[in-house]
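Good morning, and thank you for joining this group meeting.

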Amino acid sequence: ADIPETDWSANFNFRVHKGTGGGGLGIWLVENYGSYGELHGGPATYKGLLVSITIRDNDDEMNTHSLIFHVIENNGVDKINVTLIESDFEMQFHHRYDIPFRMEISDGKIRLYCSGENESNPPLILEKAINISLKQKYLGITAASEEMTSRVDLNYVKFTQGVEKTVKKETDYLQRIVVNGYTSKPNTIYRNPVFKIMTKETEAMRRSTEKNRENTFENVVDIIDELNKVTFDVASFKELNTFVTDTLYPYSQKWHRRTIKMTENIRIARNVMASATNYTSELLQNFNSTLKHTIFKTAVTISQLEQELLKSASEQPKADDNTTVIVLDLSKDSLSTENIISYL
C-alpha cells in the first residue's frame, strides 16, 4: 500500500507456530514495490526503513523462544545482515498465543508496541527517531517460508491514519481519525454519483455549528434509499468470487486448451512441411545425379563411336575390281551421323 509520510499506525496480529525456531518476518517501508529476497522474504538491499522481527530458539531447558526486533534504515546501497547488528529489543513469546503488534509513525519517530501474551493493549517496547524521508514509500510485510524456518500466520492487519488524540467537541466528526483510509480531510466526500442527497446533507452538516441538526423523516428515508441503491450496485466478495470461478476461470481454461491445441497443430504442420521439403530435395538430388550420369555415358558412347569411325576411315584396303573404297573426311563440318547412314 502507498502510505502517507507521517501520522499513521498499523496494527498486526500474527502467530508463530512450533518449528525450527528460525526465520522471522519483516515490515517494510521501502521505495520499490513488491521487492523480495533472502532477508525474511524481503531484499537485503533496499531504500527505506525495515522493522525486522527475527524468531530465535533460546535452546534452554524451558524450550523458550524470543522475538528479536531491529529498526534498520538503509540508503539503497548497503546489504543488511541482521545477525551482525545489535538488537533494539528482545522479548519471549509462546506458541499458544497470538502476538499483537502495533507500529506507529508520528512526530519524526517510530514506536513499536508488542506483547507475547495476546494483550488487547500491548505496551510500548521501542521508540526510535527516523532519519530518512518516508515520502512515497510502500508498506509491505514478508516472512521467510522454507524448511529451516518456523511458520508464521498473519491473522489481520488494520491501517489507521491519524494519531489518537483527544478531539474537541466543536470539531467536525469528518475530521477525526479515518480507519482503513488515506485522507483525514477529503476534498470530495463521496465518489459515487448516486449520493446526491447525502452530499448535500454532509455539506450542510459541515457548515452548521449545531452538533445535532434535526432533519425530516422523508429526507432520512431518501438517504436510506440512496444507501440501499449503492449497496445493491456494489458486488459482494461472494458474487465476485463466483463470477471469477464460474465465468473467468472456465473461459481462461478453454482458451488455454485451445492455445495448446493450436500449438500442437502448428507443430504437426511444421513437421509435415519439413518432411515434404526434405523428400523433394532428395528427389531433386537423385534426378540431378542420374542426369549427370546419363550425360556422362552418352558422351563416352559418342567418343567411342568417333574413334571407331576414325579407325575405319584411316584403313586403306587393296583395290580390285570388286572393292569399293569409302573415304570419309572427318574434318568437314557437314559430316554427321545422318549423312554417314544415308551414304551407306
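Predicted model: local features only at pLDDT ≥ 70, side-chain atom pairs only at ≥ 80, totals over all residues.

**Charges, rings and backbone**

I begin with a negative surface patch, which is formed by Asp57, Asp59, Asp60 and Glu61. Residues are numbered from 1 along each chain as its sequence is written, and side-chain values use heavy atoms, with hydrogens and water left out.

Let me state what a patch is here. Patches consist of residues with over 30% relative accessible area and no salt bridge, with like charges joined within 9 Å and nonpolar side chains (Val, Leu, Ile, Met, Phe, Trp, Tyr) within 5 Å. Lys and Arg count as positive and Asp and Glu as negative, whereas His and the chain ends are not counted. The place of a charge is taken as NZ of Lys, CZ of Arg, CG of Asp or CD of Glu. Accessible areas come from the Shrake-Rupley method with a 1.4 Å probe, and for residues only the protein chains shown count as cover.

Strands (E, at least two residues) and helices (H or I, at least four) are DSSP runs, numbered from the N terminus. Asp60 has a relative accessible area of 36% and is partly exposed. On this scale, buried means under 20% relative accessible area, exposed over 50%, and partly exposed in between (1.4 Å probe, protein chains only).

A positive surface patch is formed by Lys254, Arg257, Arg258 and Lys261. Of these residues, Lys261 is found in helix H3 (residues 237-314), and Lys261 is exposed, at a relative accessible area of 58%.

I turn now to charges that pair. How many salt bridges does a search of the whole structure find? The search finds 11, a salt bridge being a side-chain nitrogen of Lys or Arg within 4 Å of a carboxyl oxygen of Asp or Glu. One network of salt bridges links Arg102, Glu104, Lys109, Arg111 and Glu127.

The next topic is the aromatic rings. The whole structure contains 6 aromatic pairs. Rings of Phe, Tyr and Trp (its six-membered ring) pair if their centres lie within 6.5 Å; planes under 30 degrees apart count as stacked, over 60 as edge-to-face and the rest as tilted. Phe69 and Phe89 form a tilted pair, at 6.2 Å centre to centre with 55 degrees between the planes. Because Phe69 lies in strand E4 and Phe89 in strand E5 (residues 89-93), this pair ties together parts that are 20 residues apart in sequence. Phe69 is buried at 0% relative accessibility, whereas Phe89 is partly exposed at 26%.

Phe69 also pairs with Phe101: the ring centres are 6.0 Å apart and the planes lie at 20 degrees, so this pair is stacked. Phe101 lies in strand E6 (residues 99-106) and Phe69 in strand E4, so the parts tied together are 32 residues apart in sequence. Phe101 is buried, with a relative accessible area of 1%. Phe12, Phe69, Phe89 and Phe101 form one aromatic cluster.

Finally, I come to the backbone. Most residues other than glycine have a negative phi. Asp7, however, has a positive phi near 60 degrees. Asp7 lies in the segment before strand E1 (8-16) and is partly exposed, with a relative accessible area of 34%. His40, also not a glycine, has a positive phi of about 50 degrees. His40 is placed in the loop between strand E2 (24-30) and E3, and His40 is buried, with a relative accessible area of 8%.
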